[in-house]
Amino acid sequence: MRLVIKAGSNVLTRSDGKLDITRISALTDQIAWLRGEGHEVILVSSGAVACGRGELRKTRHMDSVEQRQLFSALGQARLINLYYDLFREYGIHVGQVLTMKENFSSRRAYLNQRSCMRVMIENGVIPIVNENDTVSVTELMFTDNDELSGLVASMMNADMLIILSNVDGIYTGEPGTEGAEVIREVTPGDDVTAFISPSRSSAGRGGMATKCGIARKVADEGIGVVIADGRREDILRKLITQPESVPHTTFLPADYGVSGVKKWLAHSDSFAKGTLRVDDKAVRALRSDTAASLLMVGVTAVEGEFEEGDIVNIVAADGQRLAVGRSAYGSDEARRLIGKHDVKPAVHYDYLYME
């Protein structure tokens, strides 16, 4: 299988916030075992900021962005060197992939990034992926590495995404309380939002709500997702060989295929440059069982400024988002063609992803 493994900050750091070398070494051992069993692995690793924070004592006051940039720049160098040394003991090569949210917003940049990781995998190199925090600023950052791992799993057409956190999965109640159990399987269409706490993790930027949202989206694209506690001994080996022996939550993949373009679009809602508002007739056409493009005759308003090929949200009259798609027009031309017949679609079906 092709596996994308996301190791969160709460897995890779100790209670004092410093890097947990022992656990990273154990994670490396397990990934080396996976490689030995014939699996392809892409590692999405947090820990750079924590690594940098443990290395340097600040000499002056800095705001949160400056701190993140400094600690990431210092920590990323140490982190990738640590992985390099650990994997070298197994004769495995690793390569660093630092990315930003905007690298997924353009189809060309998206394909270039995919090509880079493909050639690494084809040559036996494990891509180690992280956000480039040294140049990312707040409004352009990923929600967290859960979001990044979902994008990578989708982009690389993975067979499975494994999200390692500091919890066993989704519980039916507060973990540790009487009667609370881990939900073992979530099938397509199951609603588990009632069991999700909105709180974030202590070391990372995300929480179970983010993990669940990403897991649902990725599973709907036909990729299985597992959420498990990365601090458990030999967790990766057990998830592959004896999944019944460890608590975890599996989001079962949908059994229908999704094209590569639509996988890209599925994760592109946060990159949207504008909005197309549509009438009720267009809503019915888009929601029908027949493949339908969004026609300009059904567009009632164009919001925002965008160019041809940019991502736009498609919204019903009541404000509900229906879909995300790649606009066939720039915003100025789209405004001129509102309600027009006999012109090319505003968004062609091949570049349209329904929510």
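Me: What share of the contacts in the protein with a separation of 6 or more comes from residues 24 or more positions apart?

Reply: A contact means heavy atoms within 4.5 Å. Residues 24 or more positions apart account for 73% of the contacts in the protein with a separation of 6 or more. This is a predicted model, in which local features need pLDDT of at least 70 and side-chain atom pairs count only at pLDDT 80 or more, whereas totals for chains, interfaces and linings use all residues. Residues are numbered from 1 along each chain as its sequence is written, and side-chain values use heavy atoms, with hydrogens and water left out.

Me: How many helices and strands are there, and what percentage of the residues is buried?

Reply: Helices (H or I, at least four residues) and strands (E, at least two) are DSSP runs, numbered from the N terminus. The protein has 11 helices and 13 strands. Buried means under 20% relative accessible area, exposed over 50%, and partly exposed in between, with a 1.4 Å probe and protein chains only. Of the 355 residues in the protein, 50% are buried.

Me: How should I read a sheet, and in which order do the eight strands of the open sheet lie?

Reply: Strands of a sheet pair through backbone hydrogen bonds, either parallel or antiparallel. Two strands count as paired if DSSP finds at least two bridges between them. The eight strands follow the order 3-4-2-1-5-7-8-6, with mixed pairing. Strand 3 (93-99) and strand 6 (185-186) stand at the edges with a single partner strand each, so one side of each has no neighbour in the sheet. Strand 6 runs parallel to strand 8 (residues 249-251), joined to it by two bridges; Val186 has Phe251 in strand 8 as its bridge partner.

Me: Which strands does helix 7 touch where it packs on the sheet?

Reply: Helix 7 (residues 208-220) touches strand 1 (2-7), strand 5 (160-165), strand 6, strand 7 (224-229) and strand 8. The direction of helix 7 makes about 155 degrees with that of strand 7. For such values, axes are lines fitted to C-alpha atoms, for helices over the stretch in contact, and angles run from 0 to 180 degrees between N-to-C directions.

Me: How is the packing of two helices described, and at what angle do helix 5 and helix 6 cross?

Reply: Two packed helices are described by the angle between their axes and the distance between the axes. The axes of helix 5 (residues 107-122) and helix 6 (residues 145-155) come within 10 Å and cross at roughly 75 degrees. Angles under 35 degrees count as roughly parallel, over 145 as roughly antiparallel, 65 to 115 as roughly perpendicular and the rest as oblique. Helix 5 and helix 6 are therefore roughly perpendicular to each other.

Me: Which residues meet there?

Reply: Tyr110, Gln113, Arg114 and Met117 of helix 5 meet Val152, Ser154 and Met155 of helix 6. Of the residues in this contact, four are nonpolar, two polar and one charged. Here Ala, Val, Leu, Ile, Met, Phe, Trp, Tyr, Cys and Pro count as nonpolar, Asp, Glu, Lys and Arg as charged, and the others, Gly among them, as polar. Helix 6 is mostly covered, with 11 of its 11 residues buried. Just after helix 6, Asn157 takes a positive phi of about 55 degrees.

Me: What is the strand order in the open sheet of five strands?

Reply: The order is 10-9-11-12-13, and the pairing is mixed. Strand 10 (299-304) and strand 13 are the edge strands, each pairing on one side only. From one strand to the next, the twist averages 25 degrees. Strand 9 and strand 11 run parallel, joined by four bridges, and Leu276 stands opposite Ile314 in strand 11. Strand 11 and strand 12 pair in the antiparallel sense over five bridges, where Ile314 stands opposite Ala323. These two strands form a hairpin with five residues between them, and Gly319 in the turn has a positive phi of about 95 degrees.

Me: Which residues of helix 10 are buried, and what do they pack against?

Reply: In helix 10 (residues 280-287), the buried residues are Ala282, Val283 and Leu286. They cover an arc of only 105 degrees around the axis, which puts them on the same side of helix 10; the arc is that of the directions from the helix axis to the C-beta atoms. They pack against strand 9 (274-278), strand 11 (311-315), strand 12 (321-326) and strand 13 (352-354). The exposed residues Asp280, Lys281 and Arg284 lie on the face of helix 10 turned away from its buried side.
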